[in-house]
Amino acid sequence: MSNPYQFIGYWGIESPDKLEAMLTKVLVAATDLETSTPLKYPLNKVPVKGRLNWRVGYIGSNPTNSFTNEAGLIAALSASGFHDSADAWVKVENNCLILGREPFGRVPLYWTKQGKVIWFASKLQLLLPLLKTPEVNNHGLYCYSCFSYVPTPLTPVSTIFSVAAGTLETWQITAQSDLTHSTHRYYQWQSASELIHDEAEAISQLQILLKNAVHRQLENLPSEPVGVFLSGGLDSSTIAALLVQAGVKVKAYTLDFGLAGVSELPYAEQVADYLKIPLVKVDATPRRIKQAIQATATALDLPFGDGVTVPLYLLCQAASQDTEVIFNGEGGDQLFAGWTNKPLIAAGVYNQEHPNGNTEFTQQYLRTFHRLWGYEERVFQNQINQALSVHPEQCLAEALDAKFTTTLLDRLRRATLMLKGAQNIHPRATNLAFSHGLWVRSPFCDIPLSEWTFQIPGEFYLRGACEKYILKRAVESWLPPEVVWREKRGMGVPLTAWCFNELWSEVGYWLNSGILAAEGRWQPQLPLKLIKGEFSAYLRGRRVGEILWLLLMWQVWRRRVLNEAVSGYSGLHPFWLPSRFWQWYWKLQDE
């Protein structure tokens with residue numbers, strides 16, 4: 001099978017020669033001709049001077065025969081490597097340009113307008129050479145500080161926008177040769193009109209749906225083993241079990257954090273032994289994390305502030321040595337209410353009795369991201385705060401719109417599908433896999449399965465203190481009971497332990513107060529206040545490591561991807577002393 005690729009193209013009214021020169025410039029910058037990487041040119045083109053023109057260029061393997069059955073399709077990309085269903089696509093129909101993405105958000109898609117031309121690309125970095133001086137979008141930066149990702153349609157770069165999952169962006173040429181633009185959400189996650197109340201029937205249907213979802217992902221597998229990322233949690237273990245049941249030759253990959261953090265390794269080992277599949281333990285110790293930080297930021301394309309991204313980069317790196325296709329369990333938490341929803345459920349019930357309930361509930365949901373919302377005056381320098389006009393609650397409004405759901409749990413599941421799934425988990429998984437030449441397949445991202453989950457009443461998801469109850473019942477005969485019925489844990493990335501020990505100097509390098517002051521965005525003393533515990537009683541313990549990592553990944557991104565000049569380094573900063581000194585000093589202050 002072919003390797004993953006990226007595309008960039010244009011559509012609009014401009015001199016064909018000028019547009020062709022600009023496209024060639026971008027392709028040369030992207031492929032680096034010194035490495036003799038061949039340029040891949042479009043499936044078609046329509047150059048007519050003074051009238052509508054379009055063209056597409058590819059970076060990587062040219063999908064010559066891909067996606068050619070659908071009328072008007074000029075570019076498309078599937079995270080899974082399938083040629084019969086696109087995750088992001090570009091169409092030209094009559095005088096219209098249409099950009100679209102499927103509802104799970106697996107493949108990003110970006111656009112920018114220059115005059116009467118729309119440029120589009122599957123990777124934000126491909127559009128940067130079109131801008132004379134790329135500038136940071138302050139609203140994108142602010143939302144990044146609230147969510148750890150930049151929500152659609154914003155990006156961290158001014159004048160570049162992203163297409164939201166499940167939407168179509170359309171431009172049309174008018175009789176006066178102007179461009180009109182509209183956005184349409186063509187798919188909604190919503191409650192079903194009829195529910196399945198018979199538990200035995202629900203379990204039976206779910207088992208069939210899970211098997212079908214995996215079978216739909218078995219097309220065009222390589223002859224060598226396929227990989228599966230096995231955390232030892234319920235979702236990835238279920239996918240591994242279904243692959244084995246389907247007769248697929250599987251090799252599992254799991255993270256080994258060493259002695260730090262909460263280890264999931266024993267559970268992954270137990271599942272691999274139960275299924276009789278080989279398990280590769282991938283070293284995710286601080287030394288390797290430090291080595292991979294910059295490469296991860298480049299591969300992610302956009303800044304993502306979650307600590308799991310570098311470990312996932314290392315997983316992809318290891319799997320790419322053995323296979324071309326990797327399976328994961330991403331999407332299971334969104335479908336089956338796997339995140340801890342109990343506090344939000346309590347808040348929802350309480351807020352229903354109060355006139356400002358909806359506003360308060362949105363803010364409750366915003367707090368579940370555990371980032372820097374609400375601390376703006378202490379986080380950003382004055383020029384950033386003065387420029388902010390966006391409210392992060394606006395980024396949640398559509399996903400939390402109650403008119404599409406009949407129960408609070410369906411409302412929360414809709415929100416996690418549209419936010420934490422489509423805008424964070426799935427696009428970063430695809431970008432990391434593509435950077436290592438891997439196709440990534442996520443069987444939980446399956447429309448028939450997903451729509452079925454909205455036919456299930458809330459008590460099948462949350463039974464007392466047991467989350468994901470119906471999924472556990474459906475797979476309990478496929479996996480060890482200790483794995484199925486154990487309490488849900490997130491991936492135990494030991495960020496605070498790393499930042500205060502092996503990565504202490506790395507944090508000091510990227511978050512140097514002089515550089516932050518010169519950058520003009522973050523408060524220069526923000527990192528120091530965090531590590532001293534002075535910032536907030538709420539942001540302590542493991543939250544300190546999460547916020548330091550969020551800041552660090554932004555700094556790496558702006559240098560590696562945005563290519564911003566860095567200046568103002570100060571030798572007088574607290575990080576040149578070992579963290580043990582500061583811990584001793586703070587203990588004395590407390591006494």
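**Close-up views of a predicted model**

View 1. Four cavities of 30 Å³ or more are counted. The largest cavity has a volume of about 140 Å³. The second largest cavity holds about 40 Å³ of space.

**View 2. The lining of the largest cavity.** This lining is made up of 14 residues. Which of them lie nearest the centre of the cavity? They are Tyr110, Val150, Thr152, Leu302 and Gln423. Helix H15 spans residues 408–434. Helix H15 gives the most to this lining, with three residues. By class, the lining of the largest cavity has 10 nonpolar residues, three polar and one charged.

**View 3. The lining of the second largest cavity.** Look here for Leu511, Asn512 and Ser513. Pro524, Gln525, Pro527 and Leu528 also line the second largest cavity. Pro574 and Phe575 complete the list.

**View 4. The hairpin of strands S9 and S10.** Strand S9 covers residues 167–173, and strand S10 covers residues 179–185. In which sense do the two strands pair? S9 and S10 pair in the antiparallel sense, over seven bridges. Five residues lie between the two strands of the hairpin. Ser177 sits in the turn and has a positive phi of about 65°.

Technical notes: Residues are numbered from 1 along each chain as its sequence is written. This is a predicted model: local features need pLDDT of at least 70, side-chain atom pairs count only at pLDDT 80 or more; totals for chains, interfaces and linings use all residues. Side-chain values use heavy atoms; hydrogens and water are left out. Two strands pair if DSSP finds at least two bridges between them. Helices (H or I, at least four residues) and strands (E, at least two) are DSSP runs, numbered from the N terminus. On a 1 Å grid over the protein atoms alone, a cavity is a set of points where a 1.4 Å probe fits but cannot get out, and a pocket is an open set with protein on both sides within 12 Å along at least five of seven lines; lining residues have an atom within 4 Å of a point. Grid points are joined across faces, edges and corners, and a volume is the space filled by probe spheres set on the points. Ala, Val, Leu, Ile, Met, Phe, Trp, Tyr, Cys and Pro count as nonpolar, Asp, Glu, Lys and Arg as charged, and the others, Gly among them, as polar.
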